[in-house]
Amino acid sequence: MAKYLLLCLWLLSSVAGCLADDVTYVNEFYSKTPQKLAKYSWFGNVRLYYFRVPEDAVLVRWLLTAVRGSGFHCGDQNIAVHFRAGAPPVINPILTAFPNSTAVSLAYNLTVNVHSGQAISVTLFNVTNPVPGDWFLAAHLPKDDGKIEQQGLPSCSYLFQPQMFVRRAADTPVLQANIPLTQTVTAPLKQAQFKVFVPEFASRLNVFIHTCSVKGWPASDCGLSITSGSTSLGQNSAITVNCTAEEPCTLSVANPPWNTWVRVTVEISQPNVTATFSISANYTVGCKPSSVPSDFNASLPLELFSLRSSSSNTSSNASTAAAPHANISDGACIRNPSVFREEQDVLSIRFTVSNGNLTVASEVPTMLALDLDSAVDSGGALIVQLDLNMSSLIGAFGSIRACLTPSAPALQLNTSRSCDAAFMKGYSLRVSSNETKALLRIPFPEAALWYLSLQTICNSSTACRNTSAMVSVSMSVSACVDDCGPYGECRLLRTHSYLYAACVCKAGWLGWSCSDGSAALSFSRQLSAALLLTLSNLLFIPPICVALYRGYHVEAAIYFFTMFFSTFYHACDQPGVTVMCIMDYDTLQFCDFLGSVVAVWVTIVCMARLKEPFKYVFFMAGTLLIAMAMQLDRRGLWNLLGPVLFALVIMVTAWVYRSVTRHHCYPPNWKRWVFFLLPGMLSALIGVCVYVFAQTDSNYYYTHSIWHIMVATSVVFLLPPREKHVPPWGWPHKLCGYKICRNQKEELYTVT
């Protein structure tokens, strides 16, 4: 591992020599703890890693290390790694269908290969000019094949560890508004970095290159290009303009992100030259709000603010602010109602406006701000729903168009422009008289300040004044989409201090919200599985009867305990609608696992034919130790193999002792071996092989039923015959009217 760390440090130092000498660069290193990877069946199998990229980072290099653990015949393995900035990656490795009205942008991914015979694999991945803030990596193995692996058996395991190297500019030049800055770029560096701050309510950002000169090249063409924005491995993450001979060269960015530092990169395409240029930037503020009232109570529960253009009078009409149905004054350009954020639970947030209703006009848009500018809010799903009130339509109403965008709002809704902002993807909704409801769900929304903009669109451009409609707006963040529906369970997951949620599906349902029924189990198959797993336990009735007939009452009670709890555990463990739980699931599971192992334990100890004091001591001590082991790890393979092996040692020791003292093989009767012991051991061996090696998710309901049948059958054959002094069923013949006192030597009868 050390040589790979030295290799990466050497690569970083080589990059350091290729950067400008006018800017000070510093290196930073971040590492995460290795985690064992799992095959993918749902998002909970993903190993999620959370990094924080600092401001002014010019290069991020991830060192992705995959280590193969112990295992037999491990072939080539592919590890999928997904990257996303701002929120956990949305992935779909098994190509399931997303629920309706769900907006999805799949994350960037790459594959790390671990070849056969290779113990460690190292992959380097570079991102130049990354977006600062939260970055998430998700790693997993390919699709789960459904094989149920028993804990304790050797298998191919893989550890994955991401490490992040950051190169950061400590003194990046700042572009002040309308103040030119002269910069020189010399070889071998071919680019210069700047940053400009975009304030709130800015509608456009402009960057200019006024003059440019290159030594050794015609002055008419410097070969420069301007890039605004950072790399997020997503769409619309940067905008580039190639400069021609015309001066000034201009890059214009509409709807830039508010309250954010925007990166500006100037790059020269000519090799081995020195370029000197003058650069400046400015921004345009389209709308600016008036100050809120100083009286806090006056703004509750809702206050309508009028955003006015910078050239208009800042005074507002009181009646306009108080009445949402009133006409907007001539100077207003946007409505900005107050939005109340209510945190209800972990990953449960509700945004509300007064009465949940908005009057949306045609003259100006209405903007709602949703504060999700925290990483703790990005682990759920953002849900926006619009419901048009048909009785509130005024004028030549056509529809209401809405745009949901992060970082900056889309305010030109009455045009054919998309909802996308400068560097971020936007999402569109629309309600009309034909379709009065609209729903949008965004899993894992970016950590940002989101904006919902609405405006009425008229059906006639000539009569598009005093047109409005009332719409009910529901905005919330929930842990899972639709709470995973009837065939899923929403689970809260954690990686270090970061919380996120995902759906685990059942009954063959798949997808982000368990809404993909392409592989769902039918009701008849669910019923068949439930009946097989429960009714197969009735095969323990013959062992119970045999044990009672031969006088093994304790063993019979344990078999009944196993049959009872195994039946109702599997009735409660069903994945679909055929479920019946008579008590808590965890209690049923513990009793089922305990009863199964104890039944095997007492059967083998009973075969040893020990004297009763020793026999029952082993029964109780073994049961207590098995219960402790089950509480520690119920699915560990050694919880079954340990008691079995120890009981076999006791049985073999007792049999060898009898064989030596009696000078003949024990059990002495060959019929006992041929017709009882060998069939019993064969049944037990078949059951263990099916249980350990053959079970998968798809065949579980009949392979596990075979396990029930084989274990019950083996008990019938393996139980030793009745003791000579014990009558059938373990009771004397005379019972009625007498209290019977007896021992093994003589029988005394006393009439009471």
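**Aromatic contacts and a nonpolar surface patch**

F125 is buried in the predicted model, its relative accessible area being 11%. The threshold for a buried residue is under 20% relative accessible area, so the value of 11% places F125 in that class. Y108, by contrast, is partly exposed, with a relative accessible area of 35%.

In total, the structure holds 37 aromatic pairs. One of them is formed by Y108 and F125, whose rings are stacked, with 5.6 Å from centre to centre and an angle of 20° between the planes. Because Y108 belongs to strand β7 (residues 108-114) and F125 to strand β8 (residues 120-128), this pair ties together parts that are 17 residues apart in sequence.

Aromatic side chains also group beyond pairs. A single aromatic cluster is made up of F43, Y50, F98, F136, F444, Y498, Y500 and W512.

Charged side chains are placed over aromatic rings at two further sites. K32 lies over the face of F51, 5.4 Å from the ring centre. In the case of R658, the charged end sits over the ring of Y666, at 5.2 Å from its centre.

On the surface, a nonpolar patch is formed by F523, L527, L531, L535, L538, I541 and V577. Together these residues have about 620 Å² of accessible area. Helix α3 (residues 523-535) contributes four residues, the largest share of the patch. F523 is among the residues that lie in helix α3.

Note on methods. Residues are numbered from 1 along each chain as its sequence is written. This is a predicted model: local features need pLDDT of at least 70, side-chain atom pairs count only at pLDDT 80 or more; totals for chains, interfaces and linings use all residues. Side-chain values use heavy atoms; hydrogens and water are left out. Patches are made of residues with over 30% relative accessible area and no salt bridge: like charges are joined within 9 Å, nonpolar side chains (Val, Leu, Ile, Met, Phe, Trp, Tyr) within 5 Å. Accessible areas come from the Shrake-Rupley method with a 1.4 Å probe; for residues, only the protein chains shown count as cover. A salt bridge is a side-chain nitrogen of Lys or Arg within 4 Å of a carboxyl oxygen of Asp or Glu. Helices (H or I, at least four residues) and strands (E, at least two) are DSSP runs, numbered from the N terminus. Rings of Phe, Tyr and Trp (its six-membered ring) pair if their centres lie within 6.5 Å; planes under 30 degrees apart count as stacked, over 60 as edge-to-face and the rest as tilted. Buried means under 20% relative accessible area, exposed over 50%, partly exposed in between (1.4 Å probe, protein chains only). A charge sits over a ring if NZ of Lys or CZ of Arg is within 6 Å of the ring centre and within 35 degrees of the ring normal.
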